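The report below goes through selected local features of one model, beginning with a strand and its partners. Please keep the sequence and the structure in view while reading.

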Amino acid sequence: MTTVDLGVPRLRRPTAADGAVDGAGGLPTDRPATPDLLDRHGRTARDLRVSLTDRCNLRCHYCMPPEGLPWLEGPAVLTDDEVVRLVRLAVRDLGVHEVRFTGGEPLLRKGLEDIVAATTRMRTADGGPVRTSLTTNGIGLARRAAALAAAGLTRVNVSLDTLHADRFAAITRRDRHRDVLAGLEAAASAGLAPVKVNAVLLRGTNDDEAADLLRWALAAGYRLRFIEQMPLDPHGSWQRSQMVTADEILAALQREFRLVPRPGTARGAAPAETWDVVDADGTRLGDVGVIASVTRPFCGDCDRTRLTADGQVRTCLFSTTETDLRDALRSGADDAAIGNLWRTAMWGKLPGHDIDDPGFLHPTRPMSAIGG
């Protein structure tokens, strides 16, 4: 399928045609007869993000209030068996090749290792292994990294916004900086490589740390990715003018490092634009990425589909609608019917998130309830 260059994404409002389905298979009448998760804009979802819980043991001020959020009740959350069934359906029948487990904080899920092991035993339609990864805040990773590696987990992304314990406590409202560093070391020792570190720079808080974070990551052998702060806070106070942009991040890095765009590779569906870090002699020291979801959106190449902890399909982080797979699953629907629900949801995926438009609609769920 040829990727469509959509340019600056614009929000497409649903039309009556989006709901037109055939009588037999339940699929939209204008959808090609393919098992894959196709949308109307030339994109195919191969990457599944699975949120295992909406709970978190940090209280990052750009993600949730000090008291936390109203968590999902136990029965609302998919069981381990239900998660595995939906992941298997996605891999076997819908063309998914890669699965990333997220939260909230996925390490709070007691059955995580069993879910990972079941996933890594699956094979894609072409017989290949399923690439599995985990996005985590790193707390508890020191205790579980070896078991996750034994279960077949490929790699981890760990969120860390600062090298200073006092700033970490101010951002997260928890004094757990040392635990995150220990988790990173344990992941590297367990072979969960490459270990990636995700950092959000916050104006007036840690926006002076770009170069220090990169210097530390290069020395430790981690791959650093800066992420523009996105409007996924529960109180809706995000302001674009307060966001540290990709251009600002790169300018700060280039004052101390020589950055060379990665040769011969296009970003494609990967969210990060990547630069090699080289010394004065041209020797490569490592790399750094910037995920500019706001100022340089990559919606035109997006290959993701998302499953929330309560079994809802979301076609985008910023979706304002969801498709309920949990109720279908629990009411006895077979895999074919659930697969068609998922395909129909993805066929209606909008071309872009439209953050820069004055009419942008803030998602009804915060980041912790959606999954990264």
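## A buried strand and its partners

In strand E12 (residues 304-307), Arg304 and Arg306 point one way while Thr305 and Leu307 point the other way, and all are buried; here buried means under 20% relative accessible area, exposed over 50%, and partly exposed in between, with a 1.4 Å probe and protein chains only. Helices (H or I, at least four residues) and strands (E, at least two) are DSSP runs numbered from the N terminus. This is a predicted model, in which local features need pLDDT of at least 70 and side-chain atom pairs count only at pLDDT 80 or more, whereas totals for chains, interfaces and linings use all residues. Residues are numbered from 1 along each chain as its sequence is written, and side-chain values use heavy atoms, with hydrogens and water left out.

Strand E3 (residues 47-51) pairs with E12 in the parallel sense over 4 bridges, where two strands are said to pair if DSSP finds at least two bridges between them. Within this pairing, arginine 49 stands opposite arginine 306 of E12. E12 is also joined by 2 bridges to strand E13 (residues 312-314), and these two run antiparallel, with valine 313 in E13 as the bridge partner of leucine 307. The hairpin of E12 and E13 has 4 residues between the strands, and glycine 311 takes a positive phi near 80 degrees in it.

## Backbone exceptions

Most residues other than glycine have a negative phi, and most peptide bonds are trans. Arginine 173, in the loop between helix H4 (165-172) and H5, has a positive phi near 60 degrees; because its relative accessibility is 31%, arginine 173 counts as partly exposed.

Glycine 103 and glycine 104 are joined by a cis peptide bond with omega about 10 degrees, and glycine 104 is placed in the loop between strand E4 (98-102) and helix H2 (112-120). The bond from alanine 193 to proline 194 is cis, with omega near -5 degrees, and proline 194 lies in the loop between helix H5 (177-189) and strand E7 (196-199).

Helix H7 (residues 246-254) has Ala246, Ile249, Leu250, Ala252 and Leu253 as its buried residues. Because they cover an arc of only 160 degrees around the axis, they lie on the same side of H7, the arc being that of the directions from the helix axis to the C-beta atoms. These buried residues pack against helix H6 (210-220) and strands E8 (223-227), E9 (258-261), E10 (273-278) and E11 (284-291).

In the largest nonpolar core, which has 94 residues, Phe226 and Trp342 touch the most other members; such a core is a set of buried Ala, Val, Leu, Ile, Met, Phe, Trp, Tyr and Cys residues joined through side-chain atoms within 4.5 Å. The largest share of this core, 7 residues, comes from helix H1 (residues 80-93). Leaving aside neighbours within four places in sequence, phenylalanine 226 is in contact (heavy atoms within 4.5 Å) with residues including Ile249, Leu253, Val288 and Ile291.

## A buried lysine

Lysine 196, in strand E7, is buried yet has no salt bridge, and the nearest side chain of opposite charge, aspartate 287, is 7.5 Å away. A salt bridge requires a side-chain nitrogen of Lys or Arg within 4 Å of a carboxyl oxygen of Asp or Glu; Lys and Arg count as positive and Asp and Glu as negative, while His and the chain ends are not counted. Not counting residues up to four places away in sequence, lysine 196 touches Arg155, Val156, Asn157, Val158 and Arg223.
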